[in-house]
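This briefing reviews selected contacts in the structure shown below.

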Amino acid sequence: MKETKILTKDLNLYYGQKQALKQIAIDIPANKVTAFIGPSGCGKSTFLRVLNRMNDLIDNVKITGEVLIEDVNIYEKNIDVVNLRKKIGMVFQKSNLFPKTIYENLVYGPKINGIRNKKVLDEIVERTLTQAALLDEVKDRLNDPGLSLSGGQQQRLCIARALAVEPEIILMDEPASALDPISTAKIEELIHELKSKYTIVIVTHNMQQAARVSDQTAFFYLGELIEYDKTTKIFTNPAKKQTEDYVTGRFG
Amino acid sequence: MLDITKKTKDIQGFIFINVIRALFFILALLLILLLGKIVIEGASKFNIEFIFSSPTNNMTSGGIGPAIFGTLAVTFIMIIFAVPLGVFSAIYLNEYAKDTFWTRIIRTAVNNLAGVPSIVFGLFGLGFFILFVGRGLDNVLKTGLLFGQPCLLWASATLAVLVLPVVIVSTLEALNSVPKSHRDASYGLGATKWQTIKYVVLPQARPGILTGTILAISRGAGETAPILFLGAAFFLPTLPVTDICIGDYCIPMINPMQQFMYLAYHIFILATQSSDPSKTMPIQYGSTLILITLTFLLNITAIIFRYRFRKLLGKTK
Ligand SMILES: Nc1ncnc2c1ncn2[C@@H]1O[C@H](COP(=O)(O)OP(=O)(O)OP(=O)(O)O)[C@@H](O)[C@H]1O
Ligand SMILES: [Mg+2]
């Protein structure tokens, strides 16, 4: 029995005159990994950003329809975007650590939430680094600049940083696209670990990755949600011809 | 056969580089001659006494203490006006204002203002600060002729207006150089706009803002034209200082309502209205040397900031 975490209805998004998302209706389950796949420019990142209202930061974006998270419409007027984003963490395609130390990167979120107690902050650092399977690699160098880590470590630190504000949902936009196979494997393992506690939505261009890590897969094409189903179904027996062409790499 | 040993001839490049080299040497030579002349002629005056004492005998002897004091006082008040206003305006323009027709006009205007000749600012200061604001204040407050005349306050305010666009432009540049991805990271963690600016944007932009601001200030401190009719005095026996007393305790404070002597203006006076050039010439060189040293010190500070900033970035890359 699965519980719905995120539900969208008739969702349209326009960048100025240009429509980037068309009538998206999707139902994302809690404590599962949902993958978004689709060709470049089809609106995956745009849709991901709809879910934590990052598009508010871009001028000229118009959104219609509903996005319900635990039955609350997050585009309602009385919603506090700042609190919403604390509940919904985000990991970006390119690691975007602050030019601060590893420790400072991790405590940034807790600190802006008013946590000042050094002991509590230390605990958070240890917990999140353990969760991100990074503790052994960085525990002796917490005061080194975050940007001195390797690319894969940086990306895992970004995940740890997102976990530090104790979100319920984690949105990941191609988190492993710039990484080597070993780092990618570590991140996929991490996603697997995290899913018991968090609802995860991941955008990926890597079909195998989608197949490996996700429970549900959504296929987007030209701003439309073409097909959305169990990952095994999408990859073995998709209902639509377009989906089949895409997942088998026969896309025109 | 593959021939990779024969050198490719790049005659245009060769000529180009050497012309640039020659021009560079001419420029460096001119600069060295200029500075060398000032240093050699002014060195004899570069001492404590000259720096602290007042001119005597119709400026043919004595020091330039009041002019240095005036320059520092004007610069100090100019900083108080220009820096907070400029930095906050830039933060507003870059971070808060939407990209509309009007904000674009404002940006263009700021950029153009940075290139307006300084004498125009002087006339503006005379017209706006002294005649409009000053006389207006005098009328309203019934203070006779207190605000509506040339003085340190209006000179500082005018120089502040002069350096304001430069401060804004360099702050804008520094803010712009902070990557959007860092802001996104901050917002993604649930930070408010102000928290993002305070903890992510400003720390990264700070060295750039400081560098730009210091260079703007050093430009302002060396200006002559705008303060010509704003209170710079030919000769003043006293400093623009008044004691502020609380009970028996008195502290000397800069009095912004008085006239003042000013290094750049002092040099101008010595050069154009000397009563005895043979005697004033060394003083003139000495003053120039000190003015150059002051601006040089400011620029060095800016360079140190920039250097430390680069090092910080280098370490983190
Ligand atoms: N800020 C923006 N302003 C205007 N148009 C935009 C903006 N961001 C994205 N778009 C457009 O919206 C469409 C969807 O973009 P989006 O970034 O969501 O694609 P994507 O599926 O994530 O692609 P990719 O796989 O290459 O990351 C594209 O046509 C893009 O050009
Ligand atoms: Mg994308």
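How much area is buried between chain A and chain B, and what share of it do carbon and sulfur atoms give? The model is predicted, and in it the area buried between the two chains is about 1,900 Å². Carbon and sulfur atoms give 66% of that area.

**Interface of chain A and chain B**

- The residues in contact number 25 from chain A and 21 from chain B.
- In chain A, the residues that lose the most area to chain B are A:Pro99, A:Tyr108 and A:Ile112, which together make up 27% of what that side buries.
- Between chain A and chain B, 5 residue pairs are in polar contact, with both residues at pLDDT 80 or more.
- The side of chain A that touches chain B receives at least two residues from each of α2 (81–87), β6 (88–91), α3 (102–112) and α6 (151–163) of chain A.
- By residue class, that side of chain A consists of 15 nonpolar, 4 polar and 6 charged residues.

**Aromatic pairs**

- Over all chains, the whole structure contains 15 aromatic pairs.
- One of these pairs is formed by B:Phe24 and B:Phe25, whose rings lie 5.8 Å apart, centre to centre.
- The planes of B:Phe24 and B:Phe25 make an angle of 65°, and the pair is edge-to-face; planes over 60 degrees apart are classed in this way.
- B:Phe24 counts as exposed because its relative accessibility is 52%, and B:Phe25 counts as exposed because its value is 55%; the class requires a value over 50%.
- Elsewhere in chain B, ring pairs link B:Phe124, B:Phe128, B:Phe129, B:Phe132 and B:Trp154 into a cluster.

**Salt bridges**

- Side chains of opposite charge can pair when their charged atoms come close.
- A:Asp56 and A:Arg53 meet through their side chains in a salt bridge of 2.9 Å, N to O.
- In this pair, A:Asp56 is partly exposed, with a relative accessible area of 36%, whereas A:Arg53 is buried, with 12%.
- A second salt bridge joins the side chains of A:Asp215 and A:Lys195 at 3.1 Å, N to O.
- A:Asp215 lies in the loop between α8 (207–213) and β9 (216–221) of chain A, and A:Lys195 lies in the loop between α7 (181–194) and β8 (199–203) of chain A, so the pair ties together parts that are 20 residues apart in sequence.
- A:Asp215 is partly exposed, with a relative accessible area of 22%, whereas A:Lys195 is buried, with 18%; the cut-off for buried is under 20%.
- A:Asp229 is partly exposed, with a relative accessible area of 26%, and A:Lys233 is partly exposed, with 31% relative accessibility.
- Shared partners join the salt bridges of A:Lys5, A:Glu70, A:Lys87 and A:Glu168 into one network.

Notes:
Residues are numbered from 1 along each chain as its sequence is written. Chains are lettered from A and ligands numbered from 1 in the order in which they are written. This is a predicted model: local features need pLDDT of at least 70, side-chain atom pairs count only at pLDDT 80 or more; totals for chains, interfaces and linings use all residues. Side-chain values use heavy atoms; hydrogens and water are left out. Contact means heavy atoms within 4.5 Å. Buried area is the accessible area (1.4 Å probe) that two parts lose on being put together, summed over both. A polar contact is a pair of N or O atoms within 3.5 Å; within protein, one must be able to donate a hydrogen and the other to accept it, and residues adjacent in sequence count only if both atoms are side-chain atoms. Helices (H or I, at least four residues) and strands (E, at least two) are DSSP runs, numbered from the N terminus. Ala, Val, Leu, Ile, Met, Phe, Trp, Tyr, Cys and Pro count as nonpolar, Asp, Glu, Lys and Arg as charged, and the others, Gly among them, as polar. Rings of Phe, Tyr and Trp (its six-membered ring) pair if their centres lie within 6.5 Å; planes under 30 degrees apart count as stacked, over 60 as edge-to-face and the rest as tilted. Buried means under 20% relative accessible area, exposed over 50%, partly exposed in between (1.4 Å probe, protein chains only). A salt bridge is a side-chain nitrogen of Lys or Arg within 4 Å of a carboxyl oxygen of Asp or Glu.
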